[in-house]
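These are my notebook entries on a single chain and its ligands. I record each item as I looked it up.

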Amino acid sequence: MTEVTFKRLALIGIGLIGSSIARAARQHGLAEEIVCAARTADSRRVAKELKIVDAAYDDPVEAVRGADLVIFCTPVGTYSKLAEQIAPALEQGAIVTDVGSVKAAVVKAIGPHMPDYVDFIPGHPVAGTEKSGPAAGFAELFINRWCILTPTDTARDEAVEKLSAFWSAMGSKVETMDAEHHDLVLAITSHIPHLIAYNIVGTADDLEDVTQSEVIKYSAGGFRDFTRIAASDPTMWRDVFLHNKEAVLEMLGRFTEDLAQLQRAIRWDDGDTLFKIFSRTRAIRRQIIDAGQETPEPDFGRVHSADESPKKP
Ligand SMILES: NC(=O)c1ccc[n+]([C@@H]2O[C@H](COP(=O)([O-])OP(=O)(O)OC[C@H]3O[C@@H](n4cnc5c(N)ncnc54)[C@H](O)[C@@H]3O)[C@@H](O)[C@H]2O)c1
Ligand SMILES: O=C(O)C(=O)C[C@]1(C(=O)O)C=C[C@@H](O)C=C1
């Protein structure tokens, strides 16, 4: 089995994801020392009070000194500057990785600054919530969730194995893929859904004939779910869209075409088309639950069995 104990784990940024890694790494004994760099005095204080790190620095250079695992856990727009800053202080043989939600732009932002005596392996835990900050993290966040690694040609195989073992020890299922492919897949499974949520909640807020208090008062399941997603961190998501522009625009084009099909079906009372599309998407939800990607909800009041379609109106 690959050895997964690191000497010093340095987390650059200690928000939701950084603090979840700190908690999980500590719980599973994956690092002898866990330190972080945080911009604000408040984050450093909270991280220390919660005892999730051994030390918290304002200077990222101090955090990475002597670290054999360095993880960027800040919004992706900050990576390039931070990489340039920490590069001279990186330890020989250190593994440098990140948790950013996009990958090709991260390779471009961090890669050129990395000395050839470190292994740079971009990564993305596909797990999160709409919350931010060091108090929002929890050790169980990565359990049964995918972590995608997009290793560059220069990273040594043993370093990739060690990093995979680190994520597996925190409960993740690890997969490797090409950075560009990652960005295309995540554009449709994560980035566009967030864009839709931001848009629908914004639209509801702009309506003249429906008051804001009515939107809040009558927000039932569907809209409420969108508001959770639309409450996600604005800085993080601004950076995701600015750094996965092509894949998002490509998927948005497809999405718009499909939306026009639904619009046409409603306009022309084409119930068959609506029913067909809704049945297909219902089956996808079932597949996600069957694959263990979603906690099944209680079956109270359920009228149809899993593979039974509702009766046509
Ligand atoms: N939130 C999610 O659901 C999720 C899931 C997977 C991956 N990610 C990725 O994880 C990264 C962090 O997201 P998060 O949800 O933990 O965000 P967060 O807002 O909870 O934490 C971000 C941290 O970065 C710090 N920071 C911001 N700008 C900085 C700068 N210029 N220099 C130094 N520190 C700075 C903040 O102070 C904070 O400690 C992002 O790259 C995001 O794409 C997020
Ligand atoms: O569940 C949520 O709140 C999330 O938004 C998590 C989510 C996602 O879209 O699945 C968000 C961004 C990530 O990079 C990975 C996970």
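**Entry 1: Lys276.** I located Lys276 in helix α12, which spans residues 271-290. The model I am reading is a predicted one. Is Lys276 buried or exposed? I counted 12 other C-beta atoms within 10 Å of Lys276. A residue counts as exposed at 12 or fewer, so Lys276 is exposed. I then took Lys245 as a reference point: Lys276 and Lys245 are separated by 31 residues in sequence, and their C-alpha atoms lie 31 Å apart.

**Entry 2: domains.** I noted the division of the chain into domain 1, residues 6-177, and domain 2, residues 181-268. The distance between the C-alpha centres of domain 1 and domain 2 is 29 Å. To their contact, domain 1 contributes 14 residues and domain 2 contributes 17 residues. I sorted the domain 1 side of this contact by class and found seven nonpolar, five polar and two charged residues.

**Entry 3: the six-stranded sheet.** I traced an open sheet of six strands, ordered β3-β2-β1-β4-β5-β6, with parallel pairing. Why is one side of β3 and of β6 left without a neighbour in the sheet? Strands β3 (55-57) and β6 (119-121) stand at the edges and have a single partner strand each, so one side of each remains without a neighbour. On average, neighbouring strands of this sheet are turned by 20 degrees against each other, with direction ignored.

I followed the pairing through the strands β1, β4 and β5. Strand β1 (residues 6-12) pairs with β4 (residues 69-72) in the parallel sense, and I counted four bridges between them. Within this pair, Leu11 stands opposite Ile71 of β4. Strand β4 is in turn joined to β5 by four bridges, and these two strands also run parallel. On that side, Ile71 has Thr97 of β5 as its bridge partner.

I next checked side-chain directions in β5. In a regular strand, side chains alternate between the two faces of the sheet. In β5 (residues 95-98), Ile95 and Thr97 point one way, while Val96 and Asp98 point the other way. I recorded all of these residues as buried.

**Entry 4: the three-stranded sheet.** I found an open sheet of three strands, in the order β7-β8-β9, whose pairing is mixed. Its edge strands, β7 (123-125) and β9 (173-176), each pair on one side only. From one strand to the next, the twist averages 20 degrees. I counted four bridges between β8 (residues 146-149) and β9, which pair in the parallel sense. One residue I looked up here is Ile148, whose bridge partner in β9 is Glu175. Helix α6 (residues 157-169) lies across β7, β8 and β9, and I noted its angle to β8 as about 165 degrees.

**Entry 5: Gly133.** I placed Gly133 in the loop between β7 and β8. How many other C-beta atoms lie within 10 Å of Gly133? The count is 17. Leaving aside residues up to four places away in sequence, Gly133 touches Gly15, Leu16 and Ser43. Ala25 is 108 residues from Gly133 along the chain, and their C-alpha atoms are separated by 18 Å.

**Entry 6: ligand 1.** I listed 26 residues around ligand 1, of which the closest are Gly13, Gly15, Ser101, Gly128 and Ser132. By class, I sorted this shell into eleven nonpolar, 13 polar and two charged residues. Helices α1 (16-27) and α10 (234-243) each provide at least two residues of the shell. Which element supplies the largest share of the shell around ligand 1? Helix α1 does, with three residues. I also noted that domain 1 and domain 2 each give at least three residues to the shell of ligand 1.

**Entry 7: ligand 2.** Around ligand 2 I found Ser101, Val126, Ala127, Gly128, Thr129, Glu130, Ser190 and Ser232. I classed this shell as two nonpolar, five polar and one charged.

Methods:
Residues are numbered from 1 along each chain as its sequence is written. Chains are lettered from A and ligands numbered from 1 in the order in which they are written. This is a predicted model: local features need pLDDT of at least 70, side-chain atom pairs count only at pLDDT 80 or more; totals for chains, interfaces and linings use all residues. Domain bounds come from an automatic or database domain assignment. Two residues are in contact if their C-beta atoms, placed from the backbone, lie within 7 Å. Ala, Val, Leu, Ile, Met, Phe, Trp, Tyr, Cys and Pro count as nonpolar, Asp, Glu, Lys and Arg as charged, and the others, Gly among them, as polar. A residue is near a molecule or strand if its C-beta atom, placed from the backbone, lies within 6 Å of it. Two strands pair if DSSP finds at least two bridges between them. Axes are lines fitted to C-alpha atoms, for helices over the stretch in contact, and angles run from 0 to 180 degrees between N-to-C directions. A residue is buried if 20 or more other C-beta atoms lie within 10 Å of its own, exposed if 12 or fewer, and partly exposed in between; C-beta atoms are placed from the backbone.
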